[in-house]
Amino acid sequence: MWMRHNPLHWLLVAGSLLSSSCRAVFSDEAFHTDFQVQLFGTPLDPSSTFFHQAAAGKAGSLLYTLSNRLIIGAINPKDGAQVWRQQLGEGTVSETEPLSKTAFLRRSKDGRVVSVLGKAIALWDAANGRAVWEYSSELEAADVITLQTENQLLVAFKGGEVKAFQLDSGKVLWENTIGKGHDIASNFNFFDDQLYLTLNSPATGQLKTVAISPITGAQLEEFNPGVFSKLDEHVLTPQLLPVTSYRDSEYLKFNFLGTKNVKSVSIDSEIHGYRLHAATKDIVFVEFWSHSPDTPTSWADLFSIKDGSVTKTLDLPYENDISVFSLSDSGSGLFVTRVNRVEIRVYDTESNTPVKVFVLPKMLPENPLHAVAEVAKRRDGEIAVRVAITLADGNVILVRNDAVIWTRQEALASAVAAEIVDVHEAEDSLEKTLHAEEVSNVVTAYVKRVTRHIEELKYLPAWIAGFQHSILGILGVGDKSAAEAAAVAKDPFGLRKFVVFVTRFGWVTAIDTANHGEVAWTISLFKPQLFEKDVKGIHHFGKGVIVVVLASGDVFQIDAITGRPIKKSSMAILPSASVTTVESVTTDNRWIIAIPTKEGAKGWYWPDKNSRELEAALSHTTVSRKCEGGAGICGYSAKPDVIGRLILTQTWSFRLPAAQKIVSITNRPAHDPIASIGKVLGDRSVMYKYINPHVVLLISSVESTSTIYLYLLDSVSGAVLHTSTQTDVDTSRPIVATMAENWYVYSYYSRSTAKGTHIVVTDFFASANKNDPGRLAQSEISSYDQPRSTSPYGLSQAFVFPHPIAALAATTTRQGITTRALLLSVPKLGSLLSINKRVLDPRRPVGREPTNEEKEEGLFKYEPFLGVDHQRGSLSHARELMGIRSVSTAPSLLESTSIVVAWGVDIFGTRTSPSEAFDVLGRGFNKLTLILSVVAVGFGTMFLRPMVRKKQINQRWTQ
Amino acid sequence: MTAVTAMMTLLLPLLLLFPGLISAVTVTGGIKPNNQLPSVSLLPPSTTVTLAGDRLEDSRSSHVFANGAFRFQDVKPGTYLLEVHCRTHLFPSFRVDVSPEGLVEVFGTFRGNEWNNKGERRPHPIDISPGKASEFYQVREGFNPMKLLGNPMILIAIVAIGAMTLMPKMVENMDPETRAEFEKQQKSSMLANPQNNPLQSFDMASFLAGSSSGKKPATPAGGSKRK
């Protein structure tokens with residue numbers, strides 16, 4: 001009745017609008033419905049991983065590390081919890097370049113650590129990870145050393161420049177260039193108050209060592225003639241040793257600094273790699289391993305370097321497996337810890353029989369890559385050891401004596417691909433059973449139903465047992481965690497998903513979103529290293545089967561629920577081929593299709609069965625890929641041939657002008673239902689959406705003119721549906737895009753007068769006119785039948801956003817009724833933000849207040865600046881996310897709720913309801929209050945009833 | 001070597017006197033606590049300040065140090081946007097112009113502002129105070145008795161109940177004459193409407209037939225109930 005009154009109507013519309021655009025995280029849901037796996041990445045180098053006291057004089061040390069994702073930080077060795085972390089640089093990590101040459105982490109004085117990444121040097125507070133100071137130079141840093149007595153940090157740069165920084169302020173105390181600025185510095189050594197620097201002089205092609213005054217930086221003396229030869233190569237030498245080490249193909253040599261004294265040890269560098277460790281200045285410990293992975297060997301030698309001579313004092317036996325060594329000085333002596341997959345052996349420096357052997361209860365899942373150990377000798381002579389081991393699967397474990405204390409799943413920080421799997425899809429759902437009953441005849445259906453009911457009886461005792469729990473849970477007095485665990489196990493709303501990752505270490509790992517991101521299973525593909533280009537795809541093949549396709553042609557079928565390997569097969573494939581999946585029209589069969597880059601070559605499909613069905617599936621579509629040379633997209637019609645080959649016929653090609661380079665190709669997500677084909681306007685007319693499942697957004701850029709071009713293509717016919725350009729774009733910064741329904745959103749950095757990150761949204765409608773359904777009115781819509789008059793009508797609006805965006809995604813729900821929200825990963829804030837699509841509506845009125853009709857439609861005035869409002873739009877709330885590169889979404893069984901998983905370094909998972917949780921009671925709904933109020937009303941009626949009756953009777957009598 | 005340092009100390013003021021000699025300058029500043037941010041140590045350690053130039057290579061990033069300071073050294077001449085990236089607090093942005101002579105000019109600016117439109121001029125070692133603290137969570141509206149009392153429907157009900165209980169007392173306190181008149185009035189209204197509880201003996205048939213229309217205005221109690 002009230003709805004008739006217009007002002008009230010406006011109020012309601014405005015209210016619903018506000019509520020839908022400000023769906024945020026409730027404080028009672030935060031940290032319960034979401035999870036974060038905080039990761040560092042795999043420790044890069046043994047020299048950059050160490051135990052160190054967080055504050056001077058404080059007992060207990062933390063484990064510091066620098067990871068392959070360029071994250072430094074501290075881990076509490078007691079429980080493996082993160083103490084702090086910081087990302088070095090912008091977080092972009094080259095996949096193949098060895099990072100350990102340009103990035104390292106070292107101890108410093110007074111509870112500080114110093115990090116170096118290329119040209120940037122930073123000193124950090126070891127207790128809380130705050131920067132003390134930062135310095136960025138013109139040249140790359142080669143080595144750093146902290147002089148304890150001088151309270152300064154010396155940095156040697158690649159050009160031979162040496163700078164001294166005051167430790168507390170970062171002030172440059174002195175600087176000096178050794179040589180003429182052409183020498184490449186490599187290593188500091190500091191002993192007996194003498195400072196030496198080893199450099200490589202390209203002029204002579206030889207190494208040289210110089211003595212430097214640690215007070216003024218002046219070069220005191222240079223020692224090179226007659227010591228080094230042109231073939232010598234420097235070997236990283238521990239800074240406290242009085243020698244510099246280098247090698248040629250046959251020998252490892254030590255030059256006593258300040259003299260011409262050289263001692264050599266025979267080693268074949270072709271076959272063996274080695275690493276030098278030192279904890280005191282008179283012993284050098286050399287760890288050896290074989291370069292060949294097929295014949296793993298390891299051993300170690302201990303040399304005494306005293307009085308100008310190098311003598312081998314101890315050799316730890318040669319073994320035909322991989323073990324890693326760590327040298328530690330516990331204060332009660334030097335100890336060597338040797339770790340392999342089965343045991344930890346502790347040696348002292350006297351004998352090659354271990355003083356203590358700890359056999360691990362379970363063999364480690366992978367070989368160790370490197371380890372750092374702390375050995376303590378108690379008063380009674382008992383040896384205790386604590387080892388942080390980096391494994392070849394990328395994870396870090398801490399072993400105390402013979403027990404694994406904790407495991408950090410650091411390999412997940414190196415994920416190259418991910419796929420969300422619905423846990424329940426694998427099971428035969430009730431829906432399917434009912435459907436089966438429906439289609440069969442009455443008798444069989446009856447028998448089936450009765451047998452099903454009898455079968456289900458076995459759940460009855462458990463249900464009765466759990467009844468009390470669930471009642472208590474409703475009343476809010478029961479064990480909440482138990483009730484929650486029960487809800488997870490039942491998962492009536494389909495909120496539980498497995499996220500399956502392929503990591504760079506050749507492992508496949510699944511995490512459970514309902515269990516705070518705990519690892520559900522992990523399995524090795526037996527590949528030592530995988531890069532992004534090596535993984536062609538990870539696909540959910542239905543029925544709970546995950547298929548991983550590698551560029552090598554290996555196809556792994558893995559049970560997504562248990563992680564059990566089902567089958568490994570292979571497929572002829574070229575590393576450069578592009579891989580997609582095709583679904584059958586009639587059954588739930590799927591195929592993987594590989595299209596080679598070379599023009600005219602045949603493609604492949606896998607599995608090589610049901611080729612008829614595949615032919616049917618391919619007959620109505622085309623497959624597309626980047627053209628040869630990468631200058632556009634080409635579309636092919638494919639037809640299965642014998643032995644898993646595909647005959648490809650090019651049907652269209654879209655080639656870019658020579659200067660344009662492809663930035664990205666975006667498709668609509670596989671699950672992208674559209675509930676409403678039109679948008680109802682305030683005057684009850686309809687703008688029909690442009691709906692086409694085959695649209696592809698191609699973004700290309702021209703660096704010289706700072707322009708990006710956007711092409712909306714039809715992937716079946718190759719028709720160009722829409723184009724637009726943006727000028728003044730910084731093409732060196734990330735350009736990201738996402739597409740869903742009838743719209744796409746992209747973001748770039750603009751150098752125009754409105755400087756900053758821009759977000760542009762474009763909606764496509766069937767026609768510019770209202771009530772014009774365009775092609776939707778036709779009974780059959782074909783991609784081949786697209787005259788110019790039916791090309792979509794695009795409407796755009798641009799917004800300025802305060803921070804760079806690393807990844808864009810759109811939420812997705814089961815039916816697509818819920819409003820979409822755009823998800824933005826903002827690395828500068830460490831947040832995952834959500835912006836309702838209603839805010840990014842290109843129909844928002846510009847430069848004027850909305851008319852009543854527009855208000856009714858839910859539009860409000862356009863504001864160019866899109867601010868960050870955490871309360872309304874931050875999904876990650878107080879959490880700090882690091883290194884998010886990709887955001888995946890999946891529907892749940894609740895129409896209101898979309899599952900979101902963001903990954904890169906950290907993994908963050910949550911559920912979001914862009915239009916509020918309209919189909920489920922929230923945590924705020926108090927069932928106890930409801931029951932109590934019903935009881936109270938009942939009591940009230942009981943009391944009042946006789947009173948009212950009495951009064952009425954009295955009234956009658958008085959009349 | 002001390003001679004060199006001595007020379008440097010002599011030269012340094014000279015260099016400062018002739019800023020033209022310096023090709024690149026250092027831009028510094030600090031985060032200053034205010035009532036939104038009682039102490040700089042409350043900021044997350046990952047808080048960074050960026051100086052964004054036209055090209056990515058000219059853009060710099062600096063962590064906020066333990067004392068709240070930040071520093072960009074060797075900034076080339078150009079115009080830059082200085083921003084604080086922090087999850088827990090919102091900060092204003094600044095425009096920083098570095099002239100080829102090495103002069104640093106700082107202006108207040110905001111996103112979406114046209115770049116040529118310079119804002120208020122600020123001193124160079126830039127002092128930044130947070131504008132507001134980020135609020136992450138939405139508060140659920142629980143059961144609030146005061147809010148319930150604020151509801152107009154509840155207020156009407158309370159007034160009605162109050163009138164019902166107070167009316168007989170008021171009638172008692174009336175002087176006899178008025179009271180007699182009032183009672184008489186009441187009686188007449190009761191005669192006109194003998195069933196004072198319309199729900200108890202509500203004639204559905206006559207109501208639907210429209211024959212009760214005459215009675216309706218005389219039943220104020222019934223009317224209010226239907227509301």
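Biologist: How many salt bridges count between chain A and chain B?
Modeller: The count is 1 salt bridge between chain A and chain B. This is a predicted model.

Biologist: Which side chains meet in that salt bridge?
Modeller: Arg87(B) and Glu880(A), with 3.7 Å from N to O.

Biologist: And how many residue pairs are in polar contact?
Modeller: Between the two chains, 15 residue pairs are in polar contact, counting pairs with both residues at pLDDT 80 or more.

Biologist: Which element gives the most to the side of chain A that touches chain B?
Modeller: That is β10(A), with 6 residues. Elements that give two or more residues there also include β1 (25-26), β57 (756-765) and α9 (927-958) of chain A.

Biologist: What about classes on that side of chain A?
Modeller: There are 21 nonpolar, 24 polar and 15 charged residues on the side of chain A that touches chain B.

Biologist: Switching to area. How much do chain A and chain B bury between them?
Modeller: About 4600 Å², and 48% of it is on carbon and sulfur atoms. Of the area that chain A buries against chain B, 16% comes from Arg130(A), Glu134(A) and Lys755(A), more than any other three residues supply.

Biologist: How many residues are in contact?
Modeller: On chain A, 60 residues are in contact with 48 residues of chain B.

Biologist: Back to β1(A). Which strand of chain B is joined to β1(A), and do they run parallel or antiparallel?
Modeller: Strand β12 (residues 137-138) of chain B is joined to β1(A) by 2 bridges, and the two run parallel.

Biologist: What stands opposite Val25(A)?
Modeller: Tyr137(B), in β12(B).

Conventions
Residues are numbered from 1 along each chain as its sequence is written. Chains are lettered from A and ligands numbered from 1 in the order in which they are written. This is a predicted model: local features need pLDDT of at least 70, side-chain atom pairs count only at pLDDT 80 or more; totals for chains, interfaces and linings use all residues. Side-chain values use heavy atoms; hydrogens and water are left out. Contact means heavy atoms within 4.5 Å. Buried area is the accessible area (1.4 Å probe) that two parts lose on being put together, summed over both. A salt bridge is a side-chain nitrogen of Lys or Arg within 4 Å of a carboxyl oxygen of Asp or Glu. A polar contact is a pair of N or O atoms within 3.5 Å; within protein, one must be able to donate a hydrogen and the other to accept it, and residues adjacent in sequence count only if both atoms are side-chain atoms. Helices (H or I, at least four residues) and strands (E, at least two) are DSSP runs, numbered from the N terminus. Ala, Val, Leu, Ile, Met, Phe, Trp, Tyr, Cys and Pro count as nonpolar, Asp, Glu, Lys and Arg as charged, and the others, Gly among them, as polar. Two strands pair if DSSP finds at least two bridges between them.
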